[in-house]
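Here's a quick briefing to read alongside the model.

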Amino acid sequence: MSDQEIDLYYVDSAIGDDTVQHISPGRSIPGSRGIWNIVKFLPGGNGDDVQVQNLLYEPGVVGPPLCRAVKRIVRQKSPARDNSLMIKRSLLCMTRANHSVETETSKASNAIPVVRMLCWYHDAFYVYIAMEYCAIGNLRDWIHDYPFPGETWAREVTKQILSVLVELNCSQLAHRNIKPSNILIASALPIQIKVSDFHNAKWMAEDDGLRTQVGNLDYSAPEVRGERDHAGRVTTEYNTSVDMWSLGIVLHEILSGSHPFGRPGHPRYSESRYQEYLGSDSGQISLSLLEGNTSQYGKTMVAYMLSRDPAARPTPLEALGDQWFLKDIRPV
């Protein structure tokens, strides 16, 4: 891992109870300099949380106040629970995701479909990662408040997520936690999303490869969970195709309002339905919950993404060339 890459985003900071002052100059982008006020806390997981901060003062900056989200990660230093390597890996993945998407996808910052890391800093107890703030919320809340947004809407959201996965794959990065709550809504009209939370992301070139069971099990591919693969072998390694499985789950939820391993009237994940799928001979998921609200092209896309055999899933680039994105769509 390159400490130099991570250090490009580090800023020395004085951290108070309600404010943060960045002492070193920081990067030449909004959000990494000045004095910030902590407005509120949002709940997180694993003892972490997210601060919403407003800019109080930055020399030479005028106009509406800037706002950012700051993830506060507990530093665990005991030998049994040292998370310094995980934090370092997360910072490196965010740095490379920033660079990859900024240089390859778009030169316009407002068109970059990932939540950008602005800077990071730390004290004795926490590491703080400052990022863009999307006030509208996440995809999980959006589809709850506005269910069944339509296949055209689902197609556009999927296209934007795939564009991120294309660039991550080119950098050999696996996100490993694609789920609705990690897809933030940057703009409602037109719809624009940003992929967030690279805490579980990993660079595939690392010596130990991809083996760890991480992410939310409701969205994890069978090989991440250590299930038997399509040939009956217990899986111990996996690759970036796990992100396509997770996206298939997300797409199914957008189209039907239900997890593909849910039941009519019970839209959440069902372990028994999942085990039925693993025990089936076909290795193909049931698309009965998509009947009447999804075109055949859309159903085929979901089925491909949720193939039990990782090699049968399309790559992000192959998915973007699918007929679903090229043809008129009519629910069947």
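Does Arg-72 count as buried or exposed? At 17% relative accessibility, Arg-72 counts as buried, where buried means under 20% relative accessible area, exposed over 50%, and partly exposed in between (1.4 Å probe, protein chains only). Before going on, note that this is a predicted model, so local features need pLDDT of at least 70 and side-chain atom pairs count only at pLDDT 80 or more, while totals for chains, interfaces and linings use all residues. Residues are numbered from 1 along each chain as its sequence is written, and side-chain values use heavy atoms, with hydrogens and water left out.

**The whole chain**
- The chain has eight helices and eleven strands; these are DSSP runs (helices are H or I with at least four residues, strands are E with at least two), numbered from the N terminus.
- Of its 332 residues, 51% count as buried.
- Take the contacts (heavy atoms within 4.5 Å) between residues at least 6 apart in sequence: 62% of them join residues at least 24 apart.

**Salt bridges**
- A search of the whole structure turns up eight salt bridges, each one a side-chain nitrogen of Lys or Arg within 4 Å of a carboxyl oxygen of Asp or Glu.
- One of them joins Asp-49 and Arg-72, whose closest N and O atoms are 2.8 Å apart. This pair links distant parts of the chain, with Asp-49 in strand E4 and Arg-72 in strand E5, 23 residues apart. Asp-49 is buried, with a relative accessible area of 14%.
- Another brings together the side chains of Glu-58 and Arg-33 (3.1 Å, N to O). Glu-58 sits in the loop between strands E4 (49-57) and E5 (67-74), and Arg-33 in the loop between strands E2 (19-22) and E3 (35-43), 25 residues apart. Glu-58 counts as buried at 5% relative accessibility, whereas Arg-33 counts as partly exposed at 31%.
- Arg-313 and Glu-223 also meet through their side chains in a salt bridge (2.6 Å, N to O). Arg-313 is in the loop between helix H7 (296-305) and H8, and Glu-223 is in the loop between E11 and H5, so the pair ties together parts 90 residues apart in sequence. Both residues, Arg-313 and Glu-223, are buried.

**Ser-220**
- Look for Ser-220 in the loop between strand E11 (202-203) and helix H5 (241-256); with 6% relative accessibility, Ser-220 counts as buried.
- A polar atom of the Ser-220 side chain lies 2.9 Å from the backbone oxygen of Asn-216.
- Leaving out residues up to four places away in sequence, Ser-220 touches Val-214, Gly-215, Arg-225 and Trp-245.

- Which residues of helix H6 (residues 271-279) are buried? They are Arg-273, Tyr-274, Tyr-277 and Leu-278. Seen down the axis of H6, these buried residues fall within an arc of 140°, so they line one face of the helix; the arc is that of the directions from the helix axis to the C-beta atoms.
- The buried residues of H6 pack against H5.
- Ala-319, in helix H8 (residues 316-320), counts as buried at 1% relative accessibility.
- Not counting residues up to four places away in sequence, Ala-319 touches Leu-162, Met-244, Met-301, Pro-314 and Phe-325.

Definitions and conventions
A polar contact is a pair of N or O atoms within 3.5 Å; within protein, one must be able to donate a hydrogen and the other to accept it, and residues adjacent in sequence count only if both atoms are side-chain atoms.
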